[in-house]
Amino acid sequence: LRGTGLMRIGSTTGITASGATGQIQTTTRSFSTTGRYSYESRSSQVTGDGIPSTIGALIVRDTATTLTLSKTIRVTDSLRFNYGKLILSTFDLNTSTVKNYKDTNYVVTNSTGALKIRNVANTDVVFPVGPSTSAYNPVTLNNIGTPDTFAVKVATGAPTGVAVSPRLDSAINRNWTIVEDVAGGSSVTVTPQWIASDANAQFLSTYCAVIH
(Lines give C-alpha, C1' and ligand atoms only; values in the text may rest on other atoms or scores of the structure.)
Protein backbone atom coordinates (compact mmCIF):
# COMPACT_ATOMS: atom_id res chain seq x y z
CA LEU A 1 0.00 0.00 0.00
CA ARG A 2 1.55 3.29 -1.11
CA GLY A 3 0.96 6.97 -0.44
CA THR A 4 -2.59 7.79 0.61
CA GLY A 5 -3.97 4.58 -0.85
CA LEU A 6 -7.09 3.04 0.69
CA MET A 7 -7.18 -0.44 2.20
CA ARG A 8 -10.64 -1.89 2.91
CA ILE A 9 -10.43 -4.55 5.62
CA GLY A 10 -13.12 -7.18 6.10
CA SER A 11 -11.35 -9.70 8.34
CA THR A 12 -12.44 -9.66 11.99
CA THR A 13 -8.77 -10.08 12.97
CA GLY A 14 -7.68 -7.03 10.95
CA ILE A 15 -4.02 -6.79 9.94
CA THR A 16 -1.92 -9.10 12.10
CA ALA A 17 1.84 -8.83 12.61
CA SER A 18 2.26 -12.48 11.64
CA GLY A 19 2.07 -13.18 7.91
CA ALA A 20 0.28 -16.48 8.52
CA THR A 21 -2.98 -15.01 9.82
CA GLY A 22 -5.28 -12.05 9.30
CA GLN A 23 -6.29 -10.05 6.24
CA ILE A 24 -2.91 -9.97 4.48
CA GLN A 25 -0.85 -13.19 4.61
CA THR A 26 2.11 -12.60 2.28
CA THR A 27 5.59 -12.95 3.78
CA THR A 28 6.72 -9.44 2.86
CA ARG A 29 4.28 -6.61 3.43
CA SER A 30 4.66 -2.84 3.21
CA PHE A 31 1.90 -0.65 4.63
CA SER A 32 1.91 3.09 4.00
CA THR A 33 2.15 5.38 7.04
CA THR A 34 0.02 7.91 5.15
CA GLY A 35 -2.53 5.39 3.89
CA ARG A 36 -6.22 5.16 4.77
CA TYR A 37 -7.38 2.02 6.58
CA SER A 38 -11.11 1.30 6.46
CA TYR A 39 -12.60 -1.46 8.64
CA GLU A 40 -15.75 -2.80 7.04
CA SER A 41 -16.84 -6.07 8.67
CA ARG A 42 -20.45 -6.67 9.66
CA SER A 43 -19.07 -8.29 12.83
CA SER A 44 -16.87 -6.89 15.59
CA GLN A 45 -13.29 -6.32 14.46
CA VAL A 46 -9.85 -5.57 15.89
CA THR A 47 -7.36 -3.39 14.02
CA GLY A 48 -4.67 -6.06 14.36
CA ASP A 49 -1.14 -5.32 15.57
CA GLY A 50 0.23 -5.30 12.01
CA ILE A 51 -1.29 -1.92 11.19
CA PRO A 52 1.37 0.85 11.17
CA SER A 53 1.72 2.92 14.35
CA THR A 54 1.23 6.05 12.20
CA ILE A 55 -1.41 6.15 9.45
CA GLY A 56 -3.19 8.77 7.37
CA ALA A 57 -6.80 7.97 8.32
CA LEU A 58 -8.68 5.36 10.35
CA ILE A 59 -12.20 4.71 9.09
CA VAL A 60 -14.87 2.83 11.04
CA ARG A 61 -17.08 2.22 8.03
CA ASP A 62 -19.40 -0.80 8.11
CA THR A 63 -18.53 -2.33 11.47
CA ALA A 64 -22.05 -2.87 12.77
CA THR A 65 -20.88 -3.25 16.35
CA THR A 66 -17.30 -2.34 17.31
CA LEU A 67 -13.70 -1.91 16.17
CA THR A 68 -11.11 -2.41 18.94
CA LEU A 69 -7.55 -1.06 18.85
CA SER A 70 -4.76 -3.66 19.03
CA LYS A 71 -2.06 -1.01 19.53
CA THR A 72 -1.63 2.73 20.02
CA ILE A 73 -2.12 4.59 16.72
CA ARG A 74 -1.33 8.12 15.58
CA VAL A 75 -3.57 9.37 12.76
CA THR A 76 -2.12 12.26 10.78
CA ASP A 77 -5.44 13.25 9.17
CA SER A 78 -8.62 12.04 10.84
CA LEU A 79 -10.61 9.35 12.60
CA ARG A 80 -13.82 8.92 10.56
CA PHE A 81 -17.05 7.17 11.47
CA ASN A 82 -19.75 5.75 9.26
CA TYR A 83 -21.25 3.10 11.52
CA GLY A 84 -20.10 1.55 14.77
CA LYS A 85 -17.87 2.46 17.68
CA LEU A 86 -14.11 2.49 18.25
CA ILE A 87 -13.05 0.78 21.50
CA LEU A 88 -9.66 1.95 22.80
CA SER A 89 -9.06 -0.68 25.51
CA THR A 90 -5.55 0.04 26.92
CA PHE A 91 -4.36 1.95 23.84
CA ASP A 92 -4.43 5.62 22.81
CA LEU A 93 -5.77 7.04 19.54
CA ASN A 94 -4.03 10.30 18.58
CA THR A 95 -5.63 12.31 15.78
CA SER A 96 -5.99 15.81 14.39
CA THR A 97 -9.79 15.57 14.19
CA VAL A 98 -12.77 13.22 14.50
CA LYS A 99 -15.40 13.24 11.74
CA ASN A 100 -19.02 12.05 11.53
CA TYR A 101 -19.38 11.21 15.22
CA LYS A 102 -22.75 11.06 16.97
CA ASP A 103 -24.42 9.28 19.88
CA THR A 104 -24.25 5.96 18.03
CA ASN A 105 -20.76 6.44 16.53
CA TYR A 106 -18.11 7.41 19.07
CA VAL A 107 -14.93 6.42 20.93
CA VAL A 108 -15.34 4.04 23.88
CA THR A 109 -12.83 4.70 26.69
CA ASN A 110 -13.45 1.49 28.60
CA SER A 111 -9.96 1.14 30.12
CA THR A 112 -6.72 3.15 30.35
CA GLY A 113 -6.68 4.28 26.70
CA ALA A 114 -7.54 7.89 25.83
CA LEU A 115 -8.67 9.85 22.78
CA LYS A 116 -6.01 12.46 21.98
CA ILE A 117 -6.73 15.41 19.71
CA ARG A 118 -3.90 17.69 18.64
CA ASN A 119 -3.79 21.48 18.40
CA VAL A 120 -6.79 22.26 20.60
CA ALA A 121 -7.04 26.05 20.45
CA ASN A 122 -9.61 28.86 20.63
CA THR A 123 -12.47 26.98 19.01
CA ASP A 124 -14.84 24.31 20.30
CA VAL A 125 -13.35 20.82 19.94
CA VAL A 126 -15.66 17.91 20.74
CA PHE A 127 -14.15 14.73 22.15
CA PRO A 128 -16.87 12.18 21.28
CA VAL A 129 -16.29 9.65 24.07
CA GLY A 130 -18.35 7.27 26.16
CA PRO A 131 -17.49 4.82 28.97
CA SER A 132 -19.21 1.90 27.24
CA THR A 133 -20.94 0.92 24.00
CA SER A 134 -24.27 1.97 25.50
CA ALA A 135 -23.30 5.31 27.09
CA TYR A 136 -22.24 8.51 25.27
CA ASN A 137 -20.73 11.34 27.32
CA PRO A 138 -18.73 13.71 25.10
CA VAL A 139 -16.85 16.71 26.40
CA THR A 140 -16.11 19.96 24.55
CA LEU A 141 -12.85 21.89 25.10
CA ASN A 142 -12.07 25.46 24.09
CA ASN A 143 -8.52 26.61 24.79
CA ILE A 144 -7.76 30.34 24.67
CA GLY A 145 -4.24 29.65 25.91
CA THR A 146 -1.34 27.97 24.11
CA PRO A 147 -2.59 25.35 21.61
CA ASP A 148 -1.91 21.86 22.89
CA THR A 149 -2.76 18.17 22.55
CA PHE A 150 -5.35 16.96 25.04
CA ALA A 151 -6.08 13.39 26.12
CA VAL A 152 -9.65 12.66 27.24
CA LYS A 153 -11.43 9.63 28.64
CA VAL A 154 -14.65 9.19 30.59
CA ALA A 155 -15.59 6.52 33.12
CA THR A 156 -18.71 5.47 34.97
CA GLY A 157 -18.85 6.62 38.58
CA ALA A 158 -18.71 9.83 40.57
CA PRO A 159 -15.36 11.67 40.90
CA THR A 160 -12.77 10.22 43.28
CA GLY A 161 -13.57 11.26 46.85
CA VAL A 162 -17.31 11.47 46.25
CA ALA A 163 -18.08 8.06 47.72
CA VAL A 164 -20.67 8.51 50.46
CA SER A 165 -24.10 10.08 50.80
CA PRO A 166 -25.35 12.75 50.59
CA ARG A 167 -22.66 13.87 48.14
CA LEU A 168 -22.74 10.61 46.19
CA ASP A 169 -26.53 10.74 45.81
CA SER A 170 -26.17 14.30 44.50
CA ALA A 171 -23.55 13.52 41.83
CA ILE A 172 -23.53 12.70 38.15
CA ASN A 173 -22.48 9.06 37.76
CA ARG A 174 -19.66 10.00 35.38
CA ASN A 175 -16.12 11.35 35.66
CA TRP A 176 -13.86 12.71 32.91
CA THR A 177 -10.05 12.61 32.83
CA ILE A 178 -8.61 15.50 30.80
CA VAL A 179 -4.82 15.87 30.46
CA GLU A 180 -2.82 18.40 28.47
CA ASP A 181 0.32 17.21 26.70
CA VAL A 182 2.52 20.15 27.76
CA ALA A 183 1.85 21.27 31.32
CA GLY A 184 1.00 24.95 31.72
CA GLY A 185 -0.05 27.54 29.17
CA SER A 186 -3.62 26.31 28.68
CA SER A 187 -6.77 28.22 29.63
CA VAL A 188 -9.63 25.88 28.85
CA THR A 189 -13.40 25.98 29.04
CA VAL A 190 -14.68 22.45 29.69
CA THR A 191 -18.26 21.46 28.81
CA PRO A 192 -19.20 17.89 29.78
CA GLN A 193 -22.40 16.25 28.55
CA TRP A 194 -24.70 13.73 30.18
CA ILE A 195 -28.32 12.66 30.06
CA ALA A 196 -30.87 12.57 32.86
CA SER A 197 -30.42 8.86 33.56
CA ASP A 198 -26.68 9.43 34.24
CA ALA A 199 -27.55 11.43 37.36
CA ASN A 200 -27.88 9.94 40.82
CA ALA A 201 -31.18 10.39 42.67
CA GLN A 202 -30.56 13.73 44.40
CA PHE A 203 -28.71 15.57 41.62
CA LEU A 204 -30.10 19.04 40.88
CA SER A 205 -29.15 20.62 37.56
CA THR A 206 -30.04 24.08 38.92
CA TYR A 207 -27.61 23.75 41.82
CA CYS A 208 -24.43 21.95 40.81
CA ALA A 209 -20.69 22.41 40.24
CA VAL A 210 -17.72 20.73 38.64
CA ILE A 211 -15.41 18.97 41.11
CA HIS A 212 -11.71 18.84 40.23
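Arg-61 is partly exposed, with a relative accessible area of 35%, where partly exposed lies between buried (under 20% relative accessible area) and exposed (over 50%), with a 1.4 Å probe and protein chains only. The model is a predicted one, in which local features need pLDDT of at least 70 and side-chain atom pairs count only at pLDDT 80 or more, while totals for chains, interfaces and linings use all residues. Residues are numbered from 1 along each chain as its sequence is written, and side-chain values use heavy atoms, with hydrogens and water left out.

**Exercise 1. Salt bridges**

Task: State how many salt bridges the structure holds, and describe the one between Arg-61 and Glu-40.

Solution. Step one is the definition: a salt bridge is a side-chain nitrogen of Lys or Arg within 4 Å of a carboxyl oxygen of Asp or Glu. Five salt bridges are present in the structure. In one of them, the side chains of Arg-61 and Glu-40 meet at 3.7 Å, N to O. This pair links distant parts of the chain, 21 residues apart: Arg-61 is in the loop between β4 (54-60) and β5 (66-68), and Glu-40 is in the loop between β2 (36-39) and β3 (45-46). Strands here are DSSP runs (E, at least two residues), numbered from the N terminus. The next step is accessibility: Glu-40 is buried, at a relative accessible area of 15%. Finally, a network of salt bridges links Arg-8, Glu-40 and Arg-61.

**Exercise 2. Two further pairs**

Task: Locate the partners in the salt bridge of Lys-116 and Asp-92 and in that of Arg-174 and Asp-198.

Solution. Lys-116 and Asp-92 meet through their side chains at 3.6 Å, N to O. Lys-116 belongs to strand β11 (residues 115-120), whereas Asp-92 is in the loop between β7 (85-87) and β8 (93-95), and the pair links distant parts of the chain, 24 residues apart. With a relative accessible area of 24%, Lys-116 is partly exposed.

For the second pair, the distance between the side chains of Arg-174 and Asp-198 is 2.9 Å, N to O. Arg-174 lies in strand β16 (residues 174-180) and Asp-198 in the segment after β17 (188-192), 24 residues apart. Both Arg-174 and Asp-198 are buried.

**Exercise 3. Backbone geometry**

Task: Determine whether the peptide bond from Ser-165 to Pro-166 is cis or trans, and what phi is at Asn-100 and at Asn-119.

Solution. The bond from Ser-165 to Pro-166 is cis, with omega near 10 degrees; Pro-166 lies in the loop between β15 (148-156) and β16. Asn-100 has phi near 65 degrees, a positive value in a residue other than glycine. Asn-100 sits in the loop between β9 (98-99) and β10 (107-108), and is exposed at 53% relative accessible area. For Asn-119, phi is near 55 degrees, also positive in a residue other than glycine. Asn-119 is in strand β11 and counts as exposed at 57% relative accessibility.

**Exercise 4. A sheet**

Task: Give the strand order of the open sheet of three strands, and explain why one side of each edge strand has no neighbour in the sheet.

Solution. The order is β12-β14-β17, with antiparallel pairing, where two strands pair if DSSP finds at least two bridges between them. Because β12 (125-127) and β17 stand at the edges with a single partner strand each, one side of each lacks a neighbour in the sheet. From one strand to the next, the twist averages 20 degrees, with axes fitted as lines to C-alpha atoms and angles running from 0 to 180 degrees between N-to-C directions. Strand β14 (residues 139-143) pairs with β17 over five bridges in the antiparallel sense. Opposite Val-188 in β17 stands Asn-143.

Notes:
Helix = DSSP H or I, 4+ residues; strand = E, 2+ residues; numbered from the N terminus.
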